[in-house]
Amino acid sequence: MNFSLLEKHILSYNPSADMSMVRRAYEFAKNAHSGQHRVSGELFIFHPLEVAIILADLELDIATIAAGLLHDVVEDTQYTVEDIEKNFGTEIALLVDGVTKLGKLEYRTKEEQQAENLRKMFLAMAKDIRIILIKLADRLHNMRTLKYLPEEKQKEKAIETIEIFAPLAHRLGISKIKWELEDLAFRFLEPEHYYELVDKVAKKRKEREEHINRMINLLREKLASSGISADIQGRPKHFYSIYKKMKEQNKTFEQIYDLTAVRVIVDNIRDCYAALGVVHTLWKPIPGRFKDYIAMPKPNMYQSLHTTVIDTLGDPLEIQIRTYEMHRTAEYGIAAHWRYKEGDKGDREFDKKLSWLREILDWQRELKDAREFMESLKIDLFTDEVYVFTPKGDVIDLPMGSCPIDFAYRIHTDVGNRCTGAKVNGKMVPLDYKLANGDIIEIITSAHSNGPSRDWLNIVKSTQAKNKIRQWFKKERREENIARGKDMLEKEARRQGYDIYQLLKYDFIPNLLKKMSFLNLEDLYAAIGYGGLTSNLAFQKILDEYRKNVKAEKTEIISDKTEARVKGRKKVDQGIKVDGMDNLLIKFSRCCNPVPGDKIVGYITRGRGVSIHRADCPNVINNIYDRERLIEVKWEGFQESSYPVEIEASAFDRPGVLSDIINVIGDMKTTIDAVNARASKNGVAVIDLVLEINDKQHLENIMQKIRRVHGIYDVRRVMNQ
């Protein structure tokens, strides 16, 4: 493979193309990647060259192909985006920058990495759809060479391809790339099933090929006698689509008859319907298997007539009928309508075709949590659609499983907010009714409606509807949301063993609110109240700031549980003996949580008795306290007492690690006062626990047991400075 092959591809569809720009990009990339090799051992430049050829196959413009050649330069060499701009101009630099940014982020978990990558990808798409076309070409060539990677990496890439990139190619209408991505991913995810299916299809296809050719010749003759000029071809079904059909319909391979579809391509729409008539006079159509995607195009712009008939052998035969323009759109999708090739940057039709992308960008701004974005994306973008009608006959597409409320909000926000009922095909239905293809929906509204119900959030399927409902509660029920959110945050704090109102007194709160994009506490409460932020996430952010900014010795946070525990402890002061002094108030310091067996010292406070610290407490060692106030103390009579101690366990993150730790502690008949678990960078889980400990030996035994839990690599006692 060499540059001349790329040149040949480009000139075949664009004879007047400026090849000097493409050649300069190739030479620049070749020099930049000089000395670099791929895992396969081949020179690195082969990858961007293959990506450029895939883009040329989609018949894209010169700037996109040049960016395809340069797409790895900024990420993998010493060159910067500024260097690209200086040598190739702003347009190409922006394309390269858009692709580069998708892979240059750091994340706490792999799930977050994937979610944020997607978020960045869609934001990049909004600026220029060509960015995602380069990314798809990049992924396609990487999948073609996936065999050179380790097995674990193969599966990881294949899963991401089948879950994200193949559905994205489908949503953009690029079936040429979608089918190949699916088959390649299938090959690495299910190698046994894949090769077994390849073998069976090869054998059965030979049996069916002669018969299909007879059907094609018969149809060609009939169409010609009717004056219809047509290109007819047999199209073998792709392996992954056969496998999916077998799984979804619980069929064996022998029960799949339509391994080959017949495609009829004609000159115009009138001939499409005329050809359909000829097909139905030749063979008997199967009821319910006719679909008119010409009158009702798919959201990805796909148009065709689909019908399934019973052929002369008595087997089902799928036939697709379309025009040449429709065929081009079916193969190339959004790339077939690329407006920059014509230089018309104000193409309203093009914008309309990308309306679904605008919707994604609208609601993604509302979703600050990456995982929530991921789930919403899978629902709105990658699930099957259901097509329904307005009473005037307009077609509305919604995610499969949608209800009349989804439909109402798709029509208009006010229609959704004032919805009180719905009719489907002329009959009243409940608002949680699942819409079916072809349903005619009429929404009943009332000017006196009190607005949406919170229960609707559990009924609607589309993210658009969910966001509109949340927005209504955000604006219309602010006072109610504030009260609700305040109560939810208080309960969450109490559940974790803290008093939220003491935490909210600290100086770090205003800065934290600003970082979270809230003007004041009421805005925070309101966001929790209307569902824009979970109480758990809000409290965790407050707690993290408290631990970073506040020294425990200066001010203590005592939860209801802790307070009750201290009050209920019998003669806790008898656990400590102070030489030469009686009837002193004894208080155990929260900065180091001493337990019997620890070496301890006492500190005489002003009006609060004696504060007991571990001898190795940082606050004691660092001379924070007046040395003259330190006194000798010792343990005495502590057998029936227990003391709160905080420990921190670090583990390689895996499902069940927290429950394993809790089970170990439970087996040792030890009370857990509080638990806080969080995922850190590089797949590490950090678990903080506050335990009721009898003495130092008891603590050491527990820590030793926790160290034996699978995946734990560190357990330490926490001291707050």
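This is a predicted model: local features need pLDDT of at least 70, side-chain atom pairs count only at pLDDT 80 or more; totals for chains, interfaces and linings use all residues.
**Cores**

I began with the largest nonpolar core, which has 66 residues. I looked up the members with the most contacts inside this core and found Leu6, Ile10, Val22, Leu70, Ile84 and Ile92. Next I picked Ile92 and set aside its neighbours within four places in sequence; what remains in contact is Met21, Ala63, Ala66, Ala67, Leu70 and Ile84.

**Ring pairs**

I then turned to the rings, and the structure holds 11 aromatic pairs. One of them joins Phe186 and Tyr194, with 5.5 Å from centre to centre and 80° between the planes, an edge-to-face pair. Are these two residues buried or exposed? Phe186 has a relative accessible area of 2% and Tyr194 has 12%, so both fall under the 20% cut-off and count as buried.

I checked Tyr293 and Tyr302 as well: their ring centres are 6.0 Å apart and their planes meet at 70°, so this pair is edge-to-face too. Tyr293 is buried at 12% relative accessibility, and Tyr302 is buried at 13%.

Going back to Phe186 and Tyr194, I found them in one aromatic cluster with Tyr195, Phe239, Tyr240 and Tyr243.

**Charges over rings**

Last, I looked for charged ends over rings. Lys178 lies over the face of Trp179, 4.2 Å from the ring centre. Arg328 has its charged end over the ring of Tyr332, at 5.2 Å from the centre.

Definitions and conventions: Residues are numbered from 1 along each chain as its sequence is written. Side-chain values use heavy atoms; hydrogens and water are left out. A nonpolar core is a set of buried Ala, Val, Leu, Ile, Met, Phe, Trp, Tyr and Cys residues joined through side-chain atoms within 4.5 Å. Buried means under 20% relative accessible area, exposed over 50%, partly exposed in between (1.4 Å probe, protein chains only). Contact means heavy atoms within 4.5 Å. Rings of Phe, Tyr and Trp (its six-membered ring) pair if their centres lie within 6.5 Å; planes under 30 degrees apart count as stacked, over 60 as edge-to-face and the rest as tilted. A charge sits over a ring if NZ of Lys or CZ of Arg is within 6 Å of the ring centre and within 35 degrees of the ring normal.
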